[in-house]
Amino acid sequence: MSIGKPLPHESARLHVTGQARYVDDLPEPKGCLHLAFGLSSEAHAQIKHLDLEPVRACPDVVAVLTYADIPGHNDASCNPTFVEPVLAEGTVHYVGHPIFLVVARSHQAARRAARAANVTYDTLPAVLTVEQALAADSHHQGGPVIWENGDSQAALAQATHVAEGEIEIGGQEHFYLEGQAAMAEPQDQGMIIRCSSQHPSEIQHKVAEALGLHMHDIRVEMRRMGGGFGGKESQGNHLAIACAVAARLTGRACKMRYDRDDDMVITGKRHDFKILYRIGADADGRVLGAQFTHLARCGWALDLSPPVCDRAMLHADSAYLFPTMRIQSHRLRTNTVSNTAYRGFGGPQGMLGCEAAMEHLAFVMGLDPLELRKRNFYADMMPEGASAPDDGEAVLSPEDISGKMKAAPQATHYGQPVEDFILNGLVARLETRADVVARRAAVAAWNASHDVVKRGIAISPVKFGISFTLSHLNQAGALVHIYQDGTVQINHGGTEMGQGLHLKCCQVAASVFGLAARDIRITATDTSKVPNTSATAASSGADLNGMAVKAACDTLRDRISGHIATLANCAVSEVVFVGGSVHAGSSRWTFAEAALLAYQARISLSATGFYATPKIAWDTAVGRGRPFFYFAYGAAVTEVAIDTLTGENRILRTDILHDAGTSLNPAIDIGQIEGGYVQGAGWLTTEELVWDTDGVLRTHAPSTYKIPACSDRPAVFNVTLWDQPNREDTIYRSKAVGEPPFMLAISAFLALQNACAACGPGYPALRAPATPEAILAAVSRACGANA
């Protein structure tokens, strides 16, 4: 049984030896041409004159294309309600907007030529900030989206304690190690695209539209990405379309990759938010009502902003039962790059807004923030006859369990019953394991005796919904072959970006056939093998594709079992696949022998599998329904230190207890948790995106944009899995682990604010990212100064 084993990534050896091939490593066909975009230098302007003759005169330039050269739709948008031109049609909307395309004999020749154009503009007013957009009523979707559950205004009027404030939350650059890249090669019929994309089917769709062809004319192949994090869900469309158009025009293979600076300027980021909140509780600390206003900078095009902002609204409760809530979401149109998907997909922003409000309310009440959180957690729910995990901590009596089971499940502000909540027991266990009480006393003692370096400690929970909120995306397919020598090859619609999806699917197939995971060969994601795939996103890769692979493997196993049962004169139920062999009664065959027997009996050894997530139903227009199949949970305790003179800070220790259900691969899952936490800590501490007053991104390279380095990880980093099965019928009762751990890093932000609060009696109101400047401002506020 390969399930549950901590096996290494299926490409680990190739990764560490440099033999893993990415798009830019693939052999280029003879005569392959290279592309580069010519970019706008204005944030918002009409193109008055475009002189491309100097570009055409540059060495090794083969062609220069504009939007008029695109034979079909000049549209790279992933949103069917918004056209996002691949090349600008007379108006540019942000600095870095592609205007024309250079086709040259080398990458460097294309880049040099792209800077040779003479462009004159009629400058138009540019809207750059959320404040400017709000004042100008510059909205996507016509105006704010409002969801309301109960009368929050009346509830707040009855509250004993009320906190009101705001938090600024910065965006985040994906900074995948492999930049955006694509290569198109003309075929006898149609085109083959090799690209670094989380969504091959969307590439197929958009390329077909741009060329005026059908989807069956376009084949997209994707073996692996060097990181994606959501940045390759829609942002790769432009490159693939450009390559396909140039390849169609020239009849030659065409390749394009962004250099890092161009990549950071052209592509979308995590949405930066400003969240205004008002929250009230009774004298016992039970929240009665909350109001949130989300101001999201979406950029000039719609892209994935509607579902990102929806998910921020869906996670505005974090892990707490709010009897009444009103959320107003402004999806603001600005003359900046169109923001897009990023790990957590809006959930982190919504959760951080809620946690900031809870922290402020605890300050107003003079109550321990963790105690306020505990008083407002949803109730733990357990299946009939089950008990809480027993390791000597927080064990409920049978009477308690019975009482809980009689209560109806509590529901979120959007109407979904929370039937699988486990954070009461999980947080209690983490408190004990991480020795939180003693460490908080030690932090207080340190702060009482040190004036310059202050310490902080905080614990934060995670409750993250798993499923695409666009319901029809919750489906997946797979194709599995068994060859007559007993070897197995699988293919599915998910993409591998380093997260271990392919390995988990190999483990699933191996488990069904009784083989070792190394006996399963997986091939590149290919739209000619599995059609109409969803993006590998929303933490759904293993949930969807693992189930589809299992369905195909089950079909093949059943076919072989039926034939073997006939040969052994036994019931099909007596046929067992284990240890590389097939057992039937007193008979035994190797798996290879059984496969050969099935082949000789003319039994098909190829099967497709399909899976669609059950139980989900969601109406985004009214904000009601069940958008998620289940929730993933976790909690983290983080301890930090700050220098109150410079604002410098360090994460000293982090303890995490995270819910991965029955883990398919603990090594992969723990790696995802560690990586997600560090990436989240980068978002909240060091990664700052800065645009100047002309709309120019000033942090467009590693020299000015600071992702966490190895030395920025916690010096003490303890990660443990809450290893209990998923309540829902997922693949071997596992849970998604791609996005949920990202939000564990909120504990680092809260710990930094806790350290700032140790400097004085005022509320520090720390902003994110908590750069040294932001920490110094928060320290000043805590000391009573206006900053």
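Which residues of helix 17 are buried? The legends below take that up, along with a strand pairing and a pocket. This is a predicted model, so local features need pLDDT of at least 70 and side-chain atom pairs count only at pLDDT 80 or more, while totals for chains, interfaces and linings use all residues. Residues are numbered from 1 along each chain as its sequence is written, and side-chain values use heavy atoms, with hydrogens and water left out.

**View A. Helix 17 and its buried face.** Helix 17 covers residues 591-600 (helices are DSSP runs of H or I, at least four residues, and strands are runs of E, at least two, numbered from the N terminus). Phe-591, Ala-594, Ala-595 and Ala-598 are the buried ones (under 20% relative accessible area with a 1.4 Å probe, protein chains only). Down the helix axis these buried residues fall within an arc of 100°, so they line one face of helix 17 (the arc is that of the directions from the axis to the C-beta atoms). After helix 17 comes Arg-602, with a positive phi near 60°.

**View B. Strand 2 and its partners.** Strand 2 (residues 45-51) runs antiparallel to strand 4 (residues 91-92), joined by two bridges (pairing takes at least two DSSP bridges). Here Gln-46 sits opposite Thr-91. Strand 2 also pairs with strand 6 (residues 118-123), antiparallel again, over six bridges. Look for Ile-47 across from Tyr-121 in that pairing.

**View C. Lining of the second largest pocket.** Helix 6 gives the largest share of this lining, five residues. The lining divides into 19 nonpolar, 16 polar and 10 charged residues (nonpolar: Ala, Val, Leu, Ile, Met, Phe, Trp, Tyr, Cys and Pro; charged: Asp, Glu, Lys and Arg; polar: the others, Gly among them). A pocket is an open set of points on a 1 Å grid over the protein atoms alone, where a 1.4 Å probe fits, with protein on both sides within 12 Å along at least five of seven lines; lining residues have an atom within 4 Å of a point.

Conventions:
Buried means under 20% relative accessible area, exposed over 50%, partly exposed in between (1.4 Å probe, protein chains only).
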